[in-house]
Amino acid sequence: MAEKARLTLVGAGPGDPELITLKGVKALKAADVVLYDALVHPDMLEHAQGAELIFVGKRAGKYSVTQKEINELIVEHALKGDGQHIVRLKGGDPFVFARGLEEIAYAEQYGITGSVVIGISSIMLPGYYGIPLTSRGINQSFTAVTATTAEGGLSEEVVNAAKNSPSTVFFMGSRKLDLIVAEYQKAGRGDLPVAVISNGSLETGSYFKGTVDTIVGLFNEKQPEPPILLIFGHGAAHAHAVQSYKE
Ligand SMILES: C[S@@+](CC[C@H](N)C(=O)[O-])C[C@H]1O[C@@H](n2cnc3c(N)ncnc32)[C@H](O)[C@@H]1O
């Protein structure tokens, strides 16, 4: 019996390797095997000295490990010998536009105990660039939307956000920027501020801002690198380089 088999889903944070939590570091130190994604900073893996490291991320244009294969790898490694501790290290938070629930549920079917260390989602990246998602007296809510559905199409939630949301963070939206912009224009919101964050929180990070009517032109000119987050809302007008805390 693999009595020691366990799975810990760990949120790696939004990019900067110091934005993982203390609990996340403890879990990495106690790991036998780490399965990690493409958005995980390599420096973070140094916490997992002695563990077997397995890359399971998606890379554009190359073969990607499927979700089914990831689930099976977790179980296969967890059940070796009298059981191993698997850390599944995922970008941002494991439950925000990620498939943490599926991984835990699959492992639990095999009697593998699952636990979670939440992470700082890239939803929080706007703060790194001085962009408030809420402002007292201006907006009482914000929305986070994936622009791309599981089938690769434009999400219906984009249309809802364009009509109704005062402040929206779009994930996986850069390839659909023109379609998102068209929805905001249909809703008569061409003047709304928009900011684009690329490689947020990393040394290679960058941002720029415009409005719904100007952002496609700016995007084509600057050609930012993925991963990219789009922010549509009045707060985007405040985008500027905030000094990140350093010691
Ligand atoms: C599959 S989702 C995973 C989200 C992750 N679970 C989280 O909580 O941040 C990947 C998307 O997150 C956004 N993203 C993640 N890291 C980012 C970064 N450092 N800068 C900008 N966008 C980022 C991009 O929109 C990217 O396409």
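1. The structure is a predicted model, in which local features need pLDDT of at least 70 and side-chain atom pairs count only at pLDDT 80 or more, while totals for chains, interfaces and linings use all residues. Residues are numbered from 1 along each chain as its sequence is written, and side-chain values use heavy atoms, with hydrogens and water left out.

2. The protein chain is divided into domain 1 (6-117) and domain 2 (122-238), with bounds from an automatic or database domain assignment. Their C-alpha centres are 28 Å apart. Nine residues of domain 1 and 13 residues of domain 2 take part in the contact (heavy atoms within 4.5 Å).

3. Between domain 1 and domain 2, about 730 Å² is buried, and carbon and sulfur atoms give 76% of this area. Buried area is the accessible area (1.4 Å probe) that two parts lose on being put together, summed over both. On the side of domain 1, P14, D16 and F97 lose the most area to domain 2, together 60% of what that side buries.

4. Two residue pairs are in polar contact across this interface, both at pLDDT 80 or more. A polar contact is a pair of N or O atoms within 3.5 Å; within protein, one must be able to donate a hydrogen and the other to accept it, and residues adjacent in sequence count only if both atoms are side-chain atoms.

5. The ligand is surrounded by 19 residues, the closest being P14, V96, S121, S122 and I228 (a heavy atom within 4 Å). Both domain 1 and domain 2 give residues to this shell, so the ligand lies between them.

6. A backbone N or O atom of V96 is 2.7 Å from a nitrogen atom of the ligand.
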